[in-house]
Amino acid sequence: MSKAIDALKQTPVLRRVNSSLQLKTVLIIFLLSLLSLAVVGNYIGSKIADNLFSDRLNQALGESKRTTNDFVSRVDLLKNPDKQTLQSQVNEIISSIQNPSVEATRWFSLYLPPGQKDSWLATTSSNGFDPSKIPTDLHEQVSTGNGQYWKVETLDDGQGMKRPALLVGSQIQLPPGINYELYFIYDLTPQQNTMNSIKTSLHVAGLMLLCLFSAVAYLVIRRVIRPVKDASHIAEDVAAGDYSKRVEITGDDEIAKLGTSFNKMTGTLADKIKALEQLSKVQQSFVSDVSHELRTPLTTINMASTLLYSKRDTFDAAEKRSVELLHNQVERFEELLAELLEISRFDAGAAVLTRTQHSLLEIVEKTRVDIQSIIESNKTRVDIYTDGFDITAEIDTRRITRIIRNLMVNAVDYSEAKPVSVFLAANTQAVSVAVADQGAGMKQEHLERVFDRFWRADSSRVRTTGGTGLGLTISKEDAQLHHGTLVVDAQEGKGSTFVLSVPKSETVTLKEEPLKPLPANQLLECRQWVKHD
Amino acid sequence: MSHTILVVDDDTALAEMAGIILQGEGYQVEFCHTGDEAFDKFNEVKADLVLLDLMLPGKDGIQICEEIKAASPATPVIMLTAKTDTLDVVAGLEAGADDYMPKPFKPAELLARIMARLRPVETKQVAAHMANPNIQEIGRLKIDIPGRVLYVDNQQVAVTPLEFDLVATMAARPREAFSREELLEKVWGYKYVSDTRLVNVHMQRLRSKIETDPENPNIVLTVRGVGYKVGQ
């Protein structure tokens, strides 16, 4: 049932109604008014109808009784008449009955029930009345009962019209001891007409009231809704980002209170946002100042360290070792500083993207050359595969190279002497670079944390190339800056696959990544690859 | 004869350290720690190359660069800067610097760049002469390789040595595109530098000197996705 209602609610008409408070309320008032007016109207109508009918009924019953008694007493006066006398007397009575009465038409029917012998009079009825129309159940009541019985029937008036009629009947006995049923038939058409005209008036009145109610409702609601509507529009503007808009406040009622609170809220929002923007600016200039301040002394340290390092063989053992450690740590410090500054740029929203059209295959191949020594020292190799299509995109070369280098160095580091595979593929919107190793892999719970700052898979592992723990964080931020994605999947003991996907240009949205993070062997099978040596 | 290098940086420790390294390589080193004195010092010591920090007290590094280049266009100026935002780098290069080194830099790299900039012009000339002994004409350009003079519509145009080398290199293979990395290698002598902003800025400077409408060049053209070329 509720599903049907929900489906109904989705139709355009109902949706329009549902979205306007005014329309909804007016509609509810309309429907309720309609309902109540209908009920009341019906009640009034039926009460009037009942009254009209019972008035006529009583009148008819009284008249019928009098006329019947009159009939009977006139026949009784005859005192044992013979057939002819009876017939002429009855005819006389009938003609007097037939005089049009004061009100509506009255017919009669002197009915001889079937099965009686030696009757002197046959069934006689006034013109236009067909005695066979007398309902059977009335016959039964009249013949078996002892008083007056009545029924309402719709009868043909002989001119092709159907009229409502009231039949009143009672049993009388006429010489020579035959039972007759005497019926009087009263036309109820006048009552019917009266009823109809009353009904029409009620309908018209009801309609007018309905329109009146709806109009009043509409006007009243409009007055009430207007401030709410205004507030709603202003809220839309604020939600869209214009924090300067305020609601107009008139009066002192609940609506006014709502408006005041709304304005206060918007004001607070605007202030907070301004404060945050300020903070962001402060952060950005801090980043830039720190950057400058740290770099100069670091350069001097670097130069000194390099000089000493180049002369280390002239020192004795302890000094030589100290110089080596110094040199390494200075390098590590430089790396860390650069990455920290990069991260704070992302945090402050100050990272800038400069796009050029570039081939990702070229970047991957160049990186493979650049890290050749790391590949060799890990006793592994890097295989590059493309699907034969154009793998270029509008990217920030520096950042993408950084990501790819990071992924490839990590893969080589964790390769455990097994080959590392890099797959490049594209679809209409985006390009993907998948770097898959077959080394130790990762636990499921580590997969979510691998992009966290300073997180390392296993602190007891020795990393041959050092590393700050920020590499993947920066890579992910770089990917997101391009509106792309960097995802990973891994199986413990089997290996890990990282997939970088970026849209082909600024105007394109990444809807589906060309490659998913599957293990190397599955990626190899998923399409035809061209190997690049 | 050893070259004289002027180090202009307000950080005395850095300047001194740089001096030690450069002297170790056989260069003569002079120092200057303020912007106001830089130009005078340059003239005084007759430096063969200037290492110039951009953020100086007193006169701005950009201004000093412009002054030095105006007085002596053939002297290489290498910017040292802690600011690596593109806008700052471009501003420095547009002021006339031949190269920039972001801090912190590896001493070895600094030395390599200094060497590349100080490589005798003659050897470059000989190499070019062998490839192209004549005066080369491509469209509106006339390039006098031996004389190292550039003409556009038969009018001589003053260009820096680097800008001349840029045109001459591309003119060696007219209508063929050169990648930015290739130009970095052939013109600047850098093999493993991947920051190609140097090329972009110098190209812009070149265009502003030889093109009628630098925004819509028709002598030195950009080849989308590849680099640049000369000639239709």
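Student: Which residue forms a salt bridge with A:Arg402, and how far apart are the closest N and O atoms?

Tutor: That partner is A:Asp478, with the closest N and O atoms 3.0 Å apart. A salt bridge here is a side-chain nitrogen of Lys or Arg within 4 Å of a carboxyl oxygen of Asp or Glu. Before we go on: this is a predicted model, where local features need pLDDT of at least 70, side-chain atom pairs count only at pLDDT 80 or more, and totals for chains, interfaces and linings use all residues. Residues are numbered from 1 along each chain as its sequence is written, chains are lettered from A and ligands numbered from 1 in the order in which they are written, and side-chain values use heavy atoms, with hydrogens and water left out.

Student: Thanks! Where in the chain do A:Arg402 and A:Asp478 sit?

Tutor: The pair links distant parts of the chain, 76 residues apart: A:Arg402 is in helix H11 (residues 397-413) of chain A and A:Asp478 in helix H13 (residues 471-481) of chain A. Helices (H or I, at least four residues) and strands (E, at least two) are DSSP runs, numbered from the N terminus.

Student: Is A:Asp478 buried or exposed?

Tutor: A:Asp478 counts as buried because its relative accessibility is 0%. A:Arg402, at 27%, counts as partly exposed. The cut-offs are under 20% relative accessible area for buried, over 50% for exposed, and partly exposed in between (1.4 Å probe, protein chains only).

Student: What else is linked in that network of salt bridges?

Tutor: The network links A:Glu342, A:Asp396, A:Arg398, A:Arg399, A:Arg402 and A:Asp478. As a general point, side chains of opposite charge can pair when their charged atoms come close.

Student: And how many salt bridges over all chains?

Tutor: The count comes to 39. Among them is A:Lys516 with A:Glu512, whose closest N and O atoms are 3.5 Å apart. In chain B, B:Arg173 forms one with B:Glu182, at 3.3 Å. B:Arg173 is partly exposed, with a relative accessible area of 27%, and B:Glu182 is partly exposed at 23%.

Student: Switching to the surface: which residues gather in the patch of positive charge?

Tutor: They are A:Arg16, A:Arg222, A:Arg223, A:Arg226 and A:Lys229. Patches are made of residues with over 30% relative accessible area and no salt bridge, with like charges joined within 9 Å and nonpolar side chains (Val, Leu, Ile, Met, Phe, Trp, Tyr) within 5 Å. Lys and Arg count as positive and Asp and Glu as negative, while His and the chain ends are not counted. Each charge is placed at NZ of Lys, CZ of Arg, CG of Asp or CD of Glu.

Student: Which helix gives the most to the positive patch?

Tutor: Helix H6 (residues 189-240) of chain A does, with four residues. A:Lys229 is found in this helix and is partly exposed, at 43% relative accessible area.

Student: What about the nonpolar patch on the surface, which residues form it?

Tutor: A:Leu209, A:Leu212, A:Phe213, A:Val216, A:Val220 and A:Val224 form it, with about 500 Å² of accessible area together. Such areas come from the Shrake-Rupley method with a 1.4 Å probe, and for residues only the protein chains shown count as cover. A:Leu209 also has its place in helix H6 of chain A, and counts as partly exposed at 34%.

Student: Last one: how many helices and strands are in chain B?

Tutor: Chain B has nine helices and twelve strands. Buried residues make up 48% of its 232 residues.
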